[in-house]
Structure formats: structure tokens, C-alpha cells
Amino acid sequence: MAQDMTLLWGSGSPPCWRVMIALEEKNLQGYNHKLLSFEKMEHKSQEVLDINPRGQLPSFKHGDVAVNESYAACFYLESQFKSQGNKLIPDSPAEQALMYQRMFEGLTFYEKLNAVIYYNWFIPEGERHDSALQRNKESLATELKLWEGYLQKVLLSSNLFFLLFYLLFCLFFFTIKLYFYV
């Protein structure tokens, strides 16, 4: 079953981690995988472009089906292998709604994080202002407080749904990685 799956991935990439964790949680060991180097621009190779025309990782293929966005790959794996391994999406409509809400809110967090971490990289030197960076930092701090409250509620509840947990796990560990290495 997993032998007809291929995952092209890059080290240190939270989107790649998401798909790898989902594959493991669904007990889909034995899939084909290949570690590619971002530094060597291997994610722009023809091998990747054949699966993902954007040249991004992860690039995931199951038989003739290519699913390249990490969230979509996680949903695909849950849909196709629902009764196998651990359940990634809760059955309760209320829990599903909350999971989807938080998952997509994570994109806002990531955007605010990038506005701080990559400010000097994306904004030309002549257009940088300390006040703009300070506003970005304050916006991120507000967002982090919001997430702290969310996580306290999730950790205190009896239903810690796995998909939300590991999606956030990837996001927060990436944040830590960026903080110490950028």
C-alpha cells in the first residue's frame, strides 16, 4: 500500500514534517522518500517539478495522485486511510470546526511571525523603519497571547485532537528554529 507512495522532502521544513508525521500516524511505513537539499536548489529539479510544478516541498504522490500542499496531503491521507492507524480528524462536528478554525488561524500566526523574522530580508534597507518593525513585533506578541489562551484550553480539555496538535507542533518548533538560527 505505502510502496506506491513517494515523498520528496527537505530537512527542517515544517510542511514536510506534517506529511511525514501523518504518514507515520496512519501506519504507512515503507513509502518511497527522498531528502532533497534546499541549499543546492534540488527542490527546483525536474524530479520535483514533475510532481509539483511550483518546485516546492513536500511533493507527495500516491499512485497517480499528486498532493503537494502539506495540509491537503494530511487530509488526503486521513480520507484515504480513515480506518488505518490513528485518527487525524475528530468525529464530532464541534471538534472538527474548532480544529479547522485553529488550523487556518495558524496561517495568520505564521504571517505575523514572518513579518518580524524576515523584516530585514524582505524590506529594502532604504524603506525600513524601526516603528514598522515595532508594530510587527507588537502584532506578533498579541497573536502569541491569543495562541497561549487557545493552547491552555486545548491542554485542559479531555479531547486533544491529534491533527491540531501536530500542525501546531510543526509551526511552533519552526518558530523556535527561526529564532535561534536566523
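A salt bridge here is a side-chain nitrogen of Lys or Arg within 4 Å of a carboxyl oxygen of Asp or Glu. The side chains of Glu 105 and Arg 102 meet this rule, with N to O at 2.8 Å. The model is predicted: local features need pLDDT of at least 70, side-chain atom pairs count only at pLDDT 80 or more, and totals for chains, interfaces and linings use all residues. Residues are numbered from 1 along each chain as its sequence is written, and side-chain values use heavy atoms, with hydrogens and water left out.

**Salt bridges**

The count comes to 5 salt bridges. Three of them are described here, including these:

| Pair | N to O distance |
|---|---|
| Lys 34 and Glu 47 | 2.9 Å |
| Glu 105 and Arg 102 | 2.8 Å |
| Glu 143 and Lys 112 | 3.5 Å |

Helices (H or I, at least four residues) and strands (E, at least two) are DSSP runs, numbered from the N terminus. Glu 105 and Arg 102 both sit in helix α4 (residues 93–117), 3 residues apart, so about one helical turn separates them.

Glu 105 and Arg 102 are both buried. Glu 143 is buried at 8%, whereas Lys 112 is partly exposed at 24%. Lys 34 is partly exposed at 38%. Glu 47 is partly exposed at 35%.

**Aromatic groups**

Rings of Phe, Tyr and Trp (its six-membered ring) pair if their centres lie within 6.5 Å; planes under 30 degrees apart count as stacked, over 60 as edge-to-face and the rest as tilted. The structure holds 7 aromatic pairs. In one of them, the rings of Trp 121 and Phe 122 have centres 6.1 Å apart and planes at 15°, so the pair is stacked. Trp 121 is exposed at 64%, and Phe 122 is exposed at 59%.

Phe 109, Trp 147 and Tyr 150 form one aromatic cluster. Arg 102 lies over the face of Tyr 150, 3.4 Å from the ring centre. A charge counts as over a ring if NZ of Lys or CZ of Arg is within 6 Å of the ring centre and within 35 degrees of the ring normal.

Two strands pair if DSSP finds at least two bridges between them. An open sheet of 4 strands has the order β2-β1-β3-β4, with mixed pairing. Its edge strands are β2 and β4 (65–67), each pairing on one side only. Strand β3 (residues 59–62) and β4 run antiparallel and are joined by 3 bridges. His 62 stands opposite Val 65 in β4.

**A buried histidine**

His 43 is in the loop between β2 and α2. His 43 is buried, at 11% relative accessibility. Contact means heavy atoms within 4.5 Å. Leaving out residues up to four places away in sequence, His 43 touches Ser 37, Phe 38, Val 48, Gly 55, Gln 56 and Leu 57.

Conventions
Buried means under 20% relative accessible area, exposed over 50%, partly exposed in between (1.4 Å probe, protein chains only).
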